[in-house]
Amino acid sequence: MTTIPIIDISPLLALHSNNNTVNNNKNNDPNNVPIKQTIQQLATACQTHGFFAIIHHGVNTDILSRAWDESQRFFDLHPSIKTNVGMTEEYPYGYENYESLGVERSILVHDTNTRERDGGDGKDFARDKVEKRMSLGPDSKETFSIGPMNSIQSGMPSRRFPQGAPPSFDEALTDYYAAMEQLARTLFRGLALALDLNDDYFLREGIFDEGHQCALRILNYPELVEHEDVNRDEVRIRAGAHTDYGAMTILKSGGPGLQLCLTPEEDDGATWIDVPHMSEAFVINLGDLMQRWTNDRWRSTLHRVVAVFDKDWDERNQDEEGEASHVYRSQRRQSIAFFVNMNGDATVVPFETCVDKDHPRRYGPIKASEHLMQRHLRSMGKS
Ligand SMILES: O=C(O)CCC(=O)C(=O)O
Ligand SMILES: [Fe+2]
């Protein structure tokens with residue numbers, strides 16, 4: 001299959017009624033025909049590519065458009081406002097600016113504290129530095145993330161929003177986060193049934209409850225402009241190839257560019273296929289934790305974001321006769337990723353339904369938070 005399936009998840013929404021339990025109502029019965037079809041489509045998609053698009057998901061369009069518009073406005077703010085909640089070791093959210101050259105690495109972490117510590121002169125120095133790095137583009141992307149609402153149960157730090165950004169930004173992200181939590185619960189019911197488990201398997205206390213560690217990240221890929229003399233056969237990377245760490249990711253993207261890898265490794269022979277952009281859909285991809293949990297039956301697939309160029313005129317670059325030359329323009333791209341992570345203390349051991357004599361257990365038990373930490377350290381080259 002050279003594209004990802006589009007799955008209508010409306011039959012799953014009914015599974016959510018009546019205090020999250022499946023009752024005898026026909027629409028809520030996992031054996032009814034539309035639900036069975038959806039479950040079958042999910043099982044096939046998770047096993048083939050670990051990627052699928054969902055439609056008829058029931059997410060309120062006002063929540064979507066507010067989060068979208070507020071994100072765009074946020075990224076248009078002055079760097080000194082955007083960077084005032086920086087990502088640090090104790091606060092793994094906030095603002096980051098990456099260089100996307102195959103490997104993602106943070107090139108900018110400045111927060112208010114750094115500036116305050118720098119004293120009077122330091123303020124200007126820090127701002128200068130921020131702006132220099134911001135103008136490093138074109139191969140850059142910037143992100144802002146928030147963690148769970150419930151810091152006590154999740155054990156994660158309380159949310160921080162940048163001073164100077166409007167309260168409507170905080171509200172829009174908070175509402176979007178809540179809508180994604182609900183969508184994650186709906187999807188979890190479908191995924192559990194696709195694994196022959198009880199529909200509330202993932203939603204049990206201590207596994208995915210108020211103490212989960214989901215993270216919401218808004219992303220901005222600035223516009224890229226290149227001149228005709230650049231080698232057009234070379235792929236321009238906007239987000240380097242990676243797999244996501246957690247259970248799954250719910251992605252809303254604003255344009256083409258996302259690709260998934262059909263081969264397990266990114267090497268010279270790697271085959272990349274485009275994930276089609278559909279404005280009304282979310283793209284779901286499974287993460288490493290789900291691959292481990294399913295004993296490698298389901299896939300956490302390597303993906304990346306590349307620049308898609310259109311030929312355009314360069315009005316700024318006219319010759320003596322006033323003739324403009326060509327440039328190649330890749331539009332600014334925005335996306336919102338919701339990383340679905342379990343409760344930190346949830347123990348993950350391959351499901352019984354994924355282990356048999358032909359598929360012996362490949363992994364021992366691990367706590368979800370320990371798995372995330374291992375993945376994080378590996379990405380930083382520390383393990
Ligand atoms: O921006 C996108 O479309 C994908 C982002 C992504 O894969 C990620 O943040 O993990
Ligand atoms: Fe990703």
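Mentor: The expected span of a helix is 1.5 Å times one less than its number of residues. Keep that in mind as we look at this predicted model.

Trainee: How many residues does helix H3 have, and what distance does it reach from its first C-alpha to its last?

Mentor: Helix H3 covers residues 33-48, which makes 16 residues, and it reaches 23 Å, close to the 22 Å expected.

Trainee: Which residues of H3 are buried?

Mentor: A residue is buried if 20 or more other C-beta atoms lie within 10 Å of its own. In H3 that holds for Ile35, Thr38, Ile39, Leu42, Ala45 and Cys46. Looking down the axis of H3, you find these buried residues within an arc of 130 degrees, so they line one face of the helix. Their cover includes strand S1 (6-8), helix H1 (10-13), S2, H8 and strand S12 (282-286).

Trainee: And what follows H3?

Mentor: Glycine 50, with a positive phi near 70 degrees.

Trainee: Where is histidine 56, and is it buried or partly exposed?

Mentor: Histidine 56 sits in the loop between strand S2 (51-55) and helix H4 (61-75). Its phi is positive too, near 55 degrees, in a residue other than glycine. With 14 other C-beta atoms within 10 Å, histidine 56 is partly exposed.

Trainee: Let's finish with the ligand. Which elements give two or more residues to the shell around ligand 1?

Mentor: The residues around ligand 1 include Arg217, Asp244, Ser253 and His303. Strands S6 (215-221), S9 (248-253), S13 (303-306) and S16 (333-340) each give two or more. By type, the shell has six nonpolar, three polar and two charged residues.

Key. Residues numbered from 1 in each chain as written. Chains lettered and ligands numbered in written order. Predicted model: local features only at pLDDT ≥ 70, side-chain atom pairs only at ≥ 80, totals over all residues. Near = placed C-beta within 6 Å. Helix = DSSP H or I, 4+ residues; strand = E, 2+ residues; numbered from the N terminus. Nonpolar A, V, L, I, M, F, W, Y, C, P; charged D, E, K, R; others polar. Buried ≥ 20, exposed ≤ 12 C-beta atoms within 10 Å, placed from the backbone. Arc of directions from axis to C-beta. Contact = placed C-beta atoms within 7 Å.
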